[in-house]
Amino acid sequence: MIFCIVAAESSSEKLELLLEVGRVMSSKLELSDLLATVLELSSRVVDAESASLLLLDEKSQELYFDVALGLGDEASKFRLPVGQGIAGTVARERKPAIINDVRADARWSPKMDEQSGFTTRSILAVPMLVRGRLIGVVEAINRKEGAFTPEHLRTFEAFSSQASVAIDNARLFSSLKEERLKLSTVFTEMTDGAVLCDPQGQVLLANEAAKRFFGLGTELTSLITALKDMAVTPPLSEVIDSQAASADFWAVRELPKKLILAAKATRIRLGEGGSTRPAATGWLCVFRDATDEVQKEVLKRTFLSLISHKLKTPLASVTGFSEILLAEFAQTPPPPLQLKCAQTIASQGRKLANLVDNLLHYTTLENPDTPLELSPFPIDEAVSGAVKSLKDWLAENKAAVVFSPSGRRVKGDRAYLIEVFKNLIENAVKFDSREGKSVSVWVDEEAGRVGVHVKDEGPGIPPEDQEKIFSRFHQVETSFTGQVEGWGLGLPFVKKVVELHGGELKLTSRLGQGTTASVLLPGAAS
């Protein structure tokens with residue numbers, strides 16, 4: 001592009017020149033194009049042979065040449081620390097400088113001239129500032145006729161001010177364009193459906209995945225209309241009308257093919273408010289296809305529940321008849337081998353029945369329709385009930401439970417909490433291979449919550465396993481604990497029950513020093 005701008009001497013000509021410069025620079029939004037334009041104009045406004053534009057690298061606090069007329073490619077490799085050289089001093093002091101004889105200035109270095117073959121005689125350097133922030137230094141090099149004067153400096157400062165604002169705006173535009181491209185790429189390519197809608201639920205923007213889910217065309221409609229053929233829980237109108245910052249909901253379509261979408265709606269600002277009106281807000285709804293996940297979970301629960309129920313009937317016969325045999329053998333002692341066989345059948349039958357009960361409890365708990373019967377009661381009753389139900393098993397394993405009653409009350413499901421403490425005590429005993437095992441249980445209060453702590457003196461849990469043990473069917477290696485019984489459902493069951501009560505499960509363990517499991521539950525008035 002050729003700029004018809006020439007040197008001007010009169011005040012009116014200078015003003016007209018600066019106005020023309022402002023119009024030219026304001027029309028440039030692409031940063032690279034603008035920088036080249038600034039450099040072209042900076043030499044013309046003061047009738048200089050050449051010009052350079054050094055931008056500030058804020059991290060390294062160095063000036064670098066983005067563009068430089070007539071200085072060659074070597075200029076792009078040159079970096080000047082702030083405070084060094086003429087440009088560096090101008091940047092540090094944020095004051096302009098006129099040097100009409102650079103060789104008489106101790107700050108000037110001939111290095112750039114030697115590399116580029118250009119001869120520098122005089123420099124007019126001005127800091128580029130935007131709202132007090134330094135962005136670089138612009139230089140006019142070698143006045144074509146005569147020397148640089150204070151009048152040239154004032155003209156160049158006015159030009160620098162315009163150029164600084166234009167560069168800052170172009171940088172902002174470039175940054176916004178880059179961020180918009182990133183957002184657009186993510187929004188378009190994501191496999192989850194994303195829908196942006198206004199406060200009334202009118203769809204403003206939808207990505208391709210959302211359009212596939214709901215059959216949206218080029219003409220967008222309201223999200224409620226788009227979901228009209230789906231069962232939405234809770235109703236979408238409730239979600240949109242709520243004052244919450246975010247909300248989770250489900251959208252299920254039965255025909256022609258089952259589709260289950262897990263959705264999250266997040267409130268976002270759509271624009272700036274004013275002195276008389278609040279900022280407009282809308283909703284960003286993200287839909288994830290959870291069909292396979294939910295169906296597999298249902299199948300798994302159904303399978304485990306079916307297996308549990310199918311095993312209970314034959315197990316009842318095995319354990320029942322083995323107990324009858326043992327009762328008969330108590331009156332009429334049989335040969336030693338028969339007695340041992342009957343005792344083994346009874347013992348192993350009880351263990352298997354216990355495993356099936358645990359599996360059945362867990363699958364029942366995972367059913368979202370399973371209700372909790374919450375009521376206030378003394379937490380000591382749940383702990384005592386767990387210890388009582390384990391009386392024979394504790395004796396068989398030569399273990400003792402030391403419990404200190406507290407009198408504190410919680411609001412919870414008594415039956416499920418008994419199972420919680422039963423699982424924790426069983427774990428504490430099973431993972432301790434020593435003779436004379438002892439488990440300590442005590443109750444205290446932490447920040448308004450009732451804490452029940454179960455401590456063993458076993459080998460502890462390795463750090464790498466402390467998070468994994470809350471996963472279903474996970475057990476610490478047998479070689480470490482010597483433990484072989486169980487499904488690995490004890491702690492997952494405990495965690496699930498505690499969370500359903502609005503509580504928290506904590507685990508503290510150190511190798512060789514035992515483990516303490518702490519259940520924190522909401523308290524209830526006495």
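Author: With a cut-off: a residue is buried if its relative accessible area is under 20%. Keep in mind that the model is predicted.

Reader: Does S518 count as buried or exposed?
Author: S518 is found in strand β19, residues 515–522. Its relative accessibility is 10%. The cut-off is under 20%. Therefore S518 counts as buried.

Reader: Which side chain joins that of S518 in a polar contact of 2.7 Å?
Author: Leaving out residues up to four places away in sequence, S518 touches V452, H453, E504, L505 and K506. From that list, the side chain in the 2.7 Å polar contact with S518 belongs to H453.

Reader: Which are the edge strands of the open sheet?
Author: Six strands form the sheet, with antiparallel pairing. Their order is β8-β7-β12-β11-β10-β9. The twist averages 25° from one strand to the next. An edge strand pairs on one side only, and here these are β8 (203–206) and β9 (231–233).

Reader: Which residue in β11 stands opposite W250?
Author: Strands β10 (residues 246–253) and β11 (residues 259–269) are antiparallel partners over eight bridges. Opposite W250 stands A262.

Reader: Which residues of β15 lie on its covered face?
Author: In a regular strand, side chains alternate between the two faces of the sheet. Strand β15 spans residues 409–412, and its uncovered face has R409 and K411. The covered face has V410 and G412.

Reader: Which residue in β15 stands opposite S375?
Author: β13 (residues 375–378) pairs with β15 in the antiparallel sense over four bridges. S375 stands opposite G412.

Conventions: Residues numbered from 1 in each chain as written. Predicted model: local features only at pLDDT ≥ 70, side-chain atom pairs only at ≥ 80, totals over all residues. Heavy atoms only, no water. Pairing = 2+ DSSP bridges. Helix = DSSP H or I, 4+ residues; strand = E, 2+ residues; numbered from the N terminus. Axes fitted to C-alpha atoms, helices over the stretch in contact; angles between N-to-C directions. Buried < 20%, exposed > 50% of the residue type's maximum accessible area, 1.4 Å probe, protein only. Polar contact = N/O pair within 3.5 Å; in protein donor to acceptor, adjacent residues only side chain to side chain. Contact = heavy atoms within 4.5 Å.
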